[in-house]
Amino acid sequence: MMVKEIERSGITVVHVANMTAVAQSIGSNRILKAYSIPAAMADMNETPEIQAKQRYQLMSRALEVLNTEIKEQTVFQ
Amino acid sequence: MKLEIGNFYVKDIVFGDKTSYKDGILTVNQKEAVEALNPEGNLKNVELYIVRPGEKTRILPIKEIVEARVRPDGRALFPGQTGQMALSGDGKIYALKNMAVTAVGVYAGNGDGMLDMDGPAAELTYFSEMMHLCFKAENTDDSENVYNPYKKNTYYRLGAQLLAEYIGKAVLGQEPQEWEIFDNTTEGAADLPRVAMVLQISAAFVKEPGFVCRLYGQDVINLVPTMLNANELLDGALCADTLFFASFKLYTYDYQNMPLIKELYAEHGKGLNFVGVFLDVNPAVADLKVRASDRIAVMAQMMKLDGAVVVNTGNGHSEIDFFTTIIKLEEAGVKCVGQCMESPGHGGGMQSKVMLDARADAIVSTGADHVVLNLPAMDKVIGEIDSVNHDGYPGAWAYDPEYGPSLHEDGSLVVDSLIIAGHDGNAGWSHKVCKSY
Amino acid sequence: MMKKVIMYLNQFYGGIGGEDKADYEPSLLEGVVGPSKALDDMLTAGTVTYTILCGDGYMASHTEEALEKIGRLLEGLEFDILAAGPAFMSGRYGVSCAEVCNYVHKRFKIPAVTCMFEENPGREMYPQSMYIMAGSKSGAGMRKDMPKMAAIIDKILKGEEILWAEAEGYFPRGFRWQIQLPKEQTAAKRTVAMLKKKLDGEPFETELPIDAEEMVPIAPPRDASKSRVAFVSTGGLVPIDNPDHIPSAASTRFGRYDLSGKDVLKSGEWKSVHGGYDQTYANEQPMLAMPLDAIRKLEAEGKIGYFHPWFYTTTGNQTNRVNSVRMAKEIVEYLKADDIDTVIFGSA
């Protein structure tokens, strides 16, 4: 619901969440699937080095999603 | 399958020389009972107590509640758990009514609850309306004798199941006072709408086995949704977890007596064709949630379901499984009614569920799982009253900025209804509902 | 003893005039006029002592001044409840009633009651500050609406229990409370009965009404290298001492923390207070919730044009609509002040 209110003001938002079903249910438009509930930004079972790479890749992907034209609510992987 | 449950009504429980049942009086030999529930000595200082409705008694922390039963043909009461593996759900079983067998410990964790047998909390749960044959014991596993919310309670749970089976034997050789028949082969149902119950069980959330439900004695931590005959569920196929909170969890007693199953059976062959039970799970990873809901929808299509009752028994992200399963089933053309508790919080203003989706257009509410209760002191405590000071005991607290400590010097309590065993009545018992204000 | 009621009316119902008098500034009339007389006649537990009059146009164009002026007019008066409207389908009047009820409720700590048609935009502004009775679409419904307002005002003044929305006829205010039904009405019976109705195509009524989520227009795509970017999160990551006491669930507030000069978030300096998941992972590595190192790298590479120095954070689990919307609006004010046009939003 917060995502939607921020987007209502004209700000482009990417919602990075593992629980994409919830993100869809609360009306987020650009949704990027994250790793898990307790550790959204990297795989909690990986080494710190790999996690750092995963964070960078996920945020890079988030920037791509922000720059993607969409016609309807979309879940990106 | 045809399950025939022969009921023996228990008017009172007493301790005596020989474990027996006569004229409604259950007599229990304490020494034998303790040996039966603790065969390997994994519990210590085991004591038995008899508690009746209306007595000023408080029981806590409660770890498991089981109905005392026995099979006249000698199969284990909980196949794979208390004895040899065997299929359940078919044949005759005897049950002792008006009472339960209840395991009580010292240290509390996520899965533990409390019962008052008198006063305001006694009005809130059906478990306060029956007698309890309780055992209180200490755990020999010191790793569980600490303030840690994650406790496996393995031998408490098994102990209650074993004691239930031992007590059940008291009625062997006698004729039950009534029979309940559960026969899903009834003719005349074939042309009616095909309906299943989708029951969420405690199956994941933690990484390690030992906390969740057991299906034929096996931990279900990695369970992929599966299908049971409803009779198997009524007949000991599933044993309770020790992870979901006391107010909303289903105890083994609930599975054995599930009102939703009985209600669906009551309509079987009249208004619907009750085809069985699907078990739904609650993994902490989105892909596994999707996989589980997909499996349920695929099974529903293979079973040519017209309708389903979808039951939510866990809070937090388990509510996502509840909604996604309903959505997937509705998309597959299965008309669903969900049943869930709500969590609007102490102020009533929290969003009721973690996720809400308008596609779930038919929901029955079992009430609110967070209600602040001020409870008077009781004359007698069975278990350990200090457990309410243990952090991580849902519904009780050592300190709260608004309410202070749960336990007052005079023995009275301020708690959240999360601690009341069976408060939400999610097996279908609940006569509560939330309304919009 | 009779309790005291003050009523708010617009210029039209207050007898000042029509649209030509819409810029009428707030005034206080001792006694009653039009609808406030009707209300006074119907009340059994209270009497309307004063009527506030204000033009709809003035309230719409000078909201803060108008409310402040009303506050000053009421200062020192004794009263137990505020009534406003009914506003029917009139959008400006409905919004005025909601603004005045909210303001007076908060400033004078008294209950407020209004009445309007369900589609009136005033209905959803401050649902928890007042009771809004479900009213008629047009002024012809005045005779139906006024008794509804009188009934609930009498109940409130007598201190009687206010039942749920449907039973009393007000719009739900965002609260859910539990009631007990007769014992035989078990959830099992209710569930199977509802399923039979649904299967038979008969009407049924859910016990947990869920509004369909309204979608907002999709904001345009933005190239982050040319954008001003901020990070907002409901993952519950806060400084280790949780200085703003962000709660573990049902949050009503957010924290705003300075990231200037930081390239990483270190274990021991941050922790998760989110009550909906196992927090140990984020406690050991806060950047599993807020990936600052990755963002700094992208910033250094020029892939993020500008990164807002503040990080906004709260817990998302079971935070209700009213609080979510309010917190988001407050955050947007901060973001707009720094010309932010792009947000990365992290959650569980």
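Which strand of chain A pairs with S13(C), and in which sense? Keep that in mind as you read these notes; point 4 comes back to it.

1. **What you are looking at.** Please remember from the start that this is a predicted model. The domain assignment of chain C gives domain 1, covering 3-168, and domain 2, covering 224-346. Between the C-alpha centres of domain 1 of chain C and domain 2 of chain C there are 40 Å.

2. **Chain C against chain B.** Start by colouring these two chains. On the chain C side, 44 residues are in contact, and they meet 60 residues of chain B. About 4600 Å² is buried between chain C and chain B, with 61% of it on carbon and sulfur atoms. Within chain C, the residues that lose the most area to chain B are Arg176(C), Gln178(C) and Gln318(C), which together make up 16% of what that side buries. The rule finds six salt bridges across this interface of chain C and chain B. In general, side chains of opposite charge can pair when their charged atoms come close. An example to look up is Glu330(B) with Lys198(C), whose closest N and O atoms are 2.6 Å apart. Polar contacts between chain C and chain B come to 27 residue pairs, counting those with both residues at pLDDT 80 or more.

3. **Which parts of chain C face chain B?** Helix H6 (165-168), strand S7 (176-180) and helix H7 (187-200) of chain C are the elements that give two or more residues to the side touching chain B. H7(C) gives the most, with eleven residues. Sorted by class, this side of chain C has 24 nonpolar, ten polar and ten charged residues. There is strand pairing here too: S7(C) and strand S25 (residues 432-436) of chain B run antiparallel and are joined by five bridges. To find the spot, look for Ser436(B), whose bridge partner in S7(C) is Arg176(C). Arg176(C) is also one of the residues named in point 2 for losing the most area to chain B.

4. **Chain C against chain A.** Now the opening question can be answered. Strand S1 (residues 12-17) of chain A pairs with S13(C) in the parallel sense, over five bridges. Within that pairing, Val343(C) of S13(C) stands opposite Val13(A). Taking the interface as a whole, 53 residues of chain C are in contact with 47 residues of chain A. Chain C and chain A bury about 4200 Å² between them, and 67% of this is on carbon and sulfur atoms. In chain C, the most area lost to chain A belongs to Ile218(C), Leu288(C) and Phe345(C), together 16% of what that side buries.

5. Four salt bridges are found across the interface of chain C and chain A. In one salt bridge, the side chains of Glu214(C) and Arg8(A) meet at 3.2 Å, N to O. The rule also finds 24 residue pairs in polar contact, both at pLDDT 80 or more, across this interface of chain C and chain A. Several elements of chain C give two or more residues to the side that touches chain A, including strand S8 (228-233), helix H9 (292-300) and strand S13 (342-346). H10(C) gives the most, with ten residues. By class, the residues on this side of chain C divide into 32 nonpolar, eight polar and 13 charged.

6. **Chain A itself.** Chain A has three helices and three strands, and from the N terminus on its elements run α-β-α-β-α-β. Its C-alpha atoms fill a box of roughly 40 × 25 × 20 Å along the principal axes. Chain A also reaches chain B through a salt bridge between Lys33(A) and Asp287(B), with the closest N and O atoms 2.3 Å apart. Lys33(A) sits in strand S2 (residues 30-33) of chain A, while Asp287(B) sits in helix H6 (residues 286-302) of chain B.

7. **Backbone details worth a look.** The peptide bond from Leu60(B) to Pro61(B) is cis, with omega near -15°, and Pro61(B) is found in strand S6 (residues 57-66) of chain B. Another cis peptide bond joins Gly85(C) and Pro86(C), with omega about 0°. Pro86(C) is placed in the loop between strand S4 (81-84) and helix H4 (91-108) of chain C. His245(C) is not a glycine, yet has a positive phi of about 50°.

Notes: Residues numbered from 1 in each chain as written. Chains lettered and ligands numbered in written order. Predicted model: local features only at pLDDT ≥ 70, side-chain atom pairs only at ≥ 80, totals over all residues. Heavy atoms only, no water. Contact = heavy atoms within 4.5 Å. Buried area = accessible area lost by both parts, 1.4 Å probe. Polar contact = N/O pair within 3.5 Å; in protein donor to acceptor, adjacent residues only side chain to side chain. Helix = DSSP H or I, 4+ residues; strand = E, 2+ residues; numbered from the N terminus. Nonpolar A, V, L, I, M, F, W, Y, C, P; charged D, E, K, R; others polar. Pairing = 2+ DSSP bridges. Domains from an automatic or database assignment.
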